[in-house]
Amino acid sequence: MKKHPIIKYILILVISGSCGALASSIIMNFEDGVVGAINSFSDWFGSVTPALHISICLFLSLMSVYSIYKLKKLLNSITPENEDAIYDQIENQSNPGMMCSVLCTICNFFFLGASTAYMIPKNIFISAAATLVFVSINTWVEVSQVNLIKKINPKFRNADPMSMRFMKDWEKESDEAETFEMYRAGYQSYKNLRYVFLIAFAICCMIQIFYPIGLAPFILIAIFWGVHSLSYLSACGKQKKS
């Protein structure tokens, strides 16, 4: 027997509410310990922010640079006999390097924001300098990877990674299969981010009970959620009209 969507929705609400109530009651019984742990972590994190910034971003940058080195080494080993196999290897091994580069960029701005939040001048200066260095390295990594792909696929030779029109030019030069993969990845990201926003909202609500964080996180979640959803719906509307 097929369950009605409304019944399924009610069951999800009941189970979610029960889990939330149980978690709240457990945490309320240990409120002093939770608040003390949060304050201790906050103090510790504020004192080691620059060290964490440099160590984590250095590791991610080295991983992305090493990935580019491996790709260039593969490209230089191409012969007429192994050309297709090498191209497949380069395409398969390019994602981990890009993921490290993207994670490094995100961590840079996170730690820079964290240092600014604690308002310690020395830490702000260290994080700002580290951000400039690591962002420069990440930019070189991404440009190098795009140039490698351009060597494999000459059709992308007119796409300049330093141009503001790079994404549009890249999409314009892509064939139907490549464009489909980009759109499929974009839709997958859209679906995942909906859950991310819900989880972020729930976490902020839980933290707010024990450690006041103000309206800023909720405002940012609402803005990002709105821009994310409305931009996707707007793009779908334009696609249907064309």
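Trp 140 counts as partly exposed in this predicted model, because its relative accessibility is 44%. The residue lies in helix H4, which spans residues 121-152. Apart from neighbours within four places in sequence, the contacts of Trp 140 are with Val 65, Ile 68 and Lys 72.

Helix H4 has the highest mean pLDDT, at 86, whereas the lowest mean, 68, belongs to helix H1 (residues 5-29). Over the protein chain the average pLDDT is 78, and 81% of the residues reach a score of at least 70.

Ser 101 is placed in helix H3, which covers residues 83-118. With a relative accessibility of 0%, Ser 101 is therefore classed as buried. Its contacts, leaving aside residues within four places in sequence, are Ser 64, Asn 138, Val 141 and Glu 142.

The largest nonpolar core comprises nine residues, namely Phe 45, Cys 57, Leu 60, Cys 104, Cys 107, Phe 111, Ala 114, Ala 130 and Phe 134. Two or more residues of this core come from each of helix H2 (31-76), H3 and H4. The greatest contribution is that of H3, which supplies four residues. Within this core, Phe 111 touches Phe 45, Thr 49, Leu 52, His 53, Ile 56 and Ser 127, when residues up to four places away in sequence are not counted. Another core lies apart from the largest one and has six residues, including Leu 71, Leu 75, Val 141 and Ile 152. Val 141, a member of this other core, is also among the contacts of Ser 101.

The cysteines were examined for disulfides, taken as pairs of sulfur atoms within 2.5 Å. The count by this rule is zero. Cys 57 takes part in no disulfide, and the nearest cysteine sulfur, that of Cys 104, is 4.3 Å away. Both Cys 57 and Cys 104 are members of the largest nonpolar core. Cys 57 is classed as buried because its relative accessibility is 0%. For Cys 205, the closest cysteine sulfur is that of Cys 204, and the distance of 7.1 Å is too far for a bond. Cys 205 has a relative accessibility of 30% and therefore counts as partly exposed.

Terms used
Residues are numbered from 1 along each chain as its sequence is written. This is a predicted model: local features need pLDDT of at least 70, side-chain atom pairs count only at pLDDT 80 or more; totals for chains, interfaces and linings use all residues. Side-chain values use heavy atoms; hydrogens and water are left out. Buried means under 20% relative accessible area, exposed over 50%, partly exposed in between (1.4 Å probe, protein chains only). Contact means heavy atoms within 4.5 Å. pLDDT is the predictor's confidence in each residue, from 0 to 100. A nonpolar core is a set of buried Ala, Val, Leu, Ile, Met, Phe, Trp, Tyr and Cys residues joined through side-chain atoms within 4.5 Å.
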